[in-house]
Amino acid sequence: MKKVLCFLVASLFLISVVPANAEVQSEFTEAEINERIKQIADSYDLYEPLNTEDAEFIKKYAIQPMDKGNIGVNGYNSSSFDETKYNSSGTVGVRASGTIWADIGIINNSYGGSFTSRVIEGSSRVDKIQNSIRHTAFGLIGSGGIGKVYDDSITNTCNSSICTTNSSKSYVASVAYARTWASSTVYYDNGSTLTVGSQ
């Protein structure tokens, strides 16, 4: 009887705690949302159906709210950013700032941006900087499923302590959800990297 009672108490404890934790975890920062969407995008081929959990996340978070001035779908939207990051010892630092945008139509779409990254600490140790604007789009595939319909990047590399990107790309796809990121990766000390990106 004691064993049964202990089991019931433990079960009730788990039931009451799990939903509460799940509810707390339902809100994410923009950085966490971006990271999760990147993970989803990297896990599927084009037109491969997303599993239920990933599809629900994309439906809920891939469209960035227009009232926050972020990039979403249905027309042209732009987003400005200004981010700075240092390595763990604080000896190398990079700042990236500028604007990225996406223009999502019924079938014709485009994305791009204009931003500059600068080494603000440890420039003598830096080999190169690579700027990137990545755009991932999801749409309806098959019999109502959701899949990745586009995933590509605009990149350029500069062998100096400053790097500017000003470019765009067009593509054709039926897009329901989309996300666009900018990032700048500094390569230093023969193999070490430091990346800063838009949130």
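**Briefing: strand 4 and its sheet**

Arg134 sits in strand 4 (residues 126-141). His135 is also found in strand 4. The model is predicted: local features need pLDDT of at least 70, side-chain atom pairs count only at pLDDT 80 or more, and totals for chains, interfaces and linings use all residues. Residues are numbered from 1 along each chain as its sequence is written, and side-chain values use heavy atoms, with hydrogens and water left out.

**Overall make-up**

- The protein has three helices and eight strands. Helices (H or I, at least four residues) and strands (E, at least two) are DSSP runs, numbered from the N terminus.
- Along the sequence the pattern reads α-α-α-β-β-β-β-β-β-β-β.
- Of the 199 residues, 40% are buried (under 20% relative accessible area; exposed is over 50%, partly exposed in between; 1.4 Å probe, protein chains only).
- Among contacts (heavy atoms within 4.5 Å) between residues at least 6 apart in sequence, 64% join residues at least 24 apart.
- The accessible surface is about 11,000 Å², with 52% belonging to carbon and sulfur atoms. Areas come from the Shrake-Rupley method with a 1.4 Å probe; for residues, only the protein chains shown count as cover.

- Four strands form an open sheet in the order 5-4-7-8, with antiparallel pairing. Two strands pair if DSSP finds at least two bridges between them.
- Strand 5 (145-158) and strand 8 (192-197) are the edges, each pairing on one side only.
- The twist averages 25° from one strand to the next. Axes are lines fitted to C-alpha atoms, for helices over the stretch in contact; angles run from 0 to 180 degrees between N-to-C directions.
- Six antiparallel bridges link strand 7 (residues 177-188) and strand 8. Ser183 stands opposite Gly197 in strand 8.
- Helix 3 (residues 52-61) lies across strand 4, strand 5 and strand 7, at about 95° to strand 7.

**Arg134**

- Arg134 counts as buried because its relative accessibility is 16%.
- Its side chain makes polar contacts with the side chains of Asp42 at 2.7 Å and Asp151 at 2.9 Å. A polar contact is a pair of N or O atoms within 3.5 Å; within protein, one must be able to donate a hydrogen and the other to accept it, and residues adjacent in sequence count only if both atoms are side-chain atoms.
- Beyond four places in sequence, Arg134 touches residues including Lys38, Ala41 and Trp181.

**His135**

- His135 is buried because its relative accessible area is 0%.
- Its side chain makes polar contacts with the side chains of Tyr171 at 2.6 Å and Thr180 at 2.7 Å.
- Other contacts of His135 beyond four places in sequence include Ala102, Ile104 and Tyr111.
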